[in-house]
Amino acid sequence: MFFFFFFFFNDTATTEIYTLSLHDALPISPIIRELQADCFAGSWIRRGLDGSGVFDLRESDVDAAVAGFLLLRDPPGAPISGPQAHGSAFDRMNAFREGIENGESHCATYEDTGPRIVDLVLQGDESNNGNLAYDVAVEAVLEDLDDFWEGAFLELGLRGSPTVNHFSTTPSCAAAGENENLLYCEAAGEFEWNSRTLQEMHNATGDFATGLLIARLYGEALVVESGSPDPLGLVSDCLAGIWAGDVAYTSVRPLEFSAGDLDEGMAGLLNDPDGSDAIAFDRIAAFENGFFEGDQGTLDSIELCGG
């Protein structure tokens with residue numbers, strides 16, 4: 001990861017793009033300049049992916065760059081209007097992704113339209129970055145997810161959301177894979193997860209790292225019960241993003257995000273204890289698609305997410 005990043009920013013072509021966006025840009029706010037630089041860097045990486053650059057990259061190589069933004073982010077709650085603002089990891093990942101997907105012409109529009117920036121207030125105790133205790137966080141997330149997806153589960157003919165079965169060593173679901181930590185058991189109609197694994201992630205990364213993984217289980221249940229295809233799990237990632245976008249922007253329910261939560265969620269995806277057949281870049285892109293483009297907790301959301 002570190003080697004790739006040093007190579008990435010020390011390469012001459014990258015340095016030219018990065019310097020141009022930072023120092024020769026129009027007089028726009030520092031955070032927009034920085035996110036535009038991330039976008040241009042992504043557009044340069046795109047050339048390595050499509051074979052038009054001076055070197056070749058695989059899609060999996062991009063995961064190292066994406067993970068690096070967790071180290072290069074602003075602290076939770078840092079003002080986006082500050083002279084040294086760079087953006088959260090979530091915002092920087094999104095700008096980088098837009099550069100890869102849409103190219104430098106899209107990055108140039110940041111000067112006029114600006115990038116998408118999610119500005120969250122730091123809630124609760126600043127000494128622990130606003131994180132709730134594990135049990136409190138899990139209960140709050142479950143309650144909110146139940147409310148948000150209630151209509152979708154009713155459309156499927158289910159009476160409420162699946163129940164939860166915690167385990168400490170081995171899941172009871174017969175269909176569970178070896179060493180699986182989180183799953184939706186279709187036969188029992190319940191969620192199962194390893195409480196020890198989730199609590200360790202909560203303690204190490206933050207409350208929304210575990211919250212997002214739980215949100216994915218709701219997406220997985222909706223995909224399975226509706227018979228929708230999701231071979232790589234990206235639809236479930238996207239559905240988790242739709243819920244998260246609702247919490248961030250439109251929800252009047254008690255649960256609120258705190259600054260840094262979305263970064264914790266991205267760290268959770270990158271360190272998913274069950275892994276994934278999809279590369280991390282695609283998982284984060286699916287989540288962001290749901291976050292920015294999603295709407296309501298209905299079965300129509302599955303189609304929006306490609307299911």
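Cys-238 and Cys-305 are both buried. A disulfide joins them, with an S to S distance of 2.1 Å in this predicted model. The torsion about their S-S bond is about -70 degrees, so this disulfide is left-handed. The bond links distant parts of the chain: Cys-238 sits in helix H11 (residues 234-249), while Cys-305 falls in the segment after helix H14 (300-304), 67 residues apart.

Searching the whole structure gives three disulfides. Another one pairs Cys-39 with Cys-107, their sulfur atoms 2.1 Å apart. Its S-S torsion is about -80 degrees, so it too is left-handed. Cys-39 belongs to helix H3 (residues 30-50) and Cys-107 to helix H6 (residues 104-108), so the bond ties together parts 68 residues apart in sequence. Cys-39 is buried, at a relative accessible area of 0%. Cys-107 is buried as well, also at 0%.

The Cys-173 and Cys-185 pair has its sulfur atoms 2.2 Å apart. Here the S-S torsion is about 80 degrees, so the disulfide is right-handed. Cys-173 lies in the loop between strand S1 (163-167) and strand S2 (182-185); Cys-185 is in strand S2, 12 residues apart from Cys-173. Both cysteines are buried. Counting bonded cysteines along the chain, the pattern is 1-2, 3-4, 5-6.

Now the aromatic rings. The whole structure holds 14 aromatic pairs. Ring pairs connect Phe-90, Tyr-249, Phe-287, Phe-291 and Phe-292 into a cluster. One of these rings also has a charged neighbour: Arg-116 lies over the face of Phe-292, 4.1 Å from the ring centre.

Definitions and conventions. Residues numbered from 1 in each chain as written. Predicted model: local features only at pLDDT ≥ 70, side-chain atom pairs only at ≥ 80, totals over all residues. Heavy atoms only, no water. Phe/Tyr/Trp six-rings, centres within 6.5 Å; stacked < 30°, edge-to-face > 60°. Lys NZ or Arg CZ within 6 Å of the ring centre and 35° of its normal. Disulfide = S-S within 2.5 Å. Helix = DSSP H or I, 4+ residues; strand = E, 2+ residues; numbered from the N terminus. Buried < 20%, exposed > 50% of the residue type's maximum accessible area, 1.4 Å probe, protein only.
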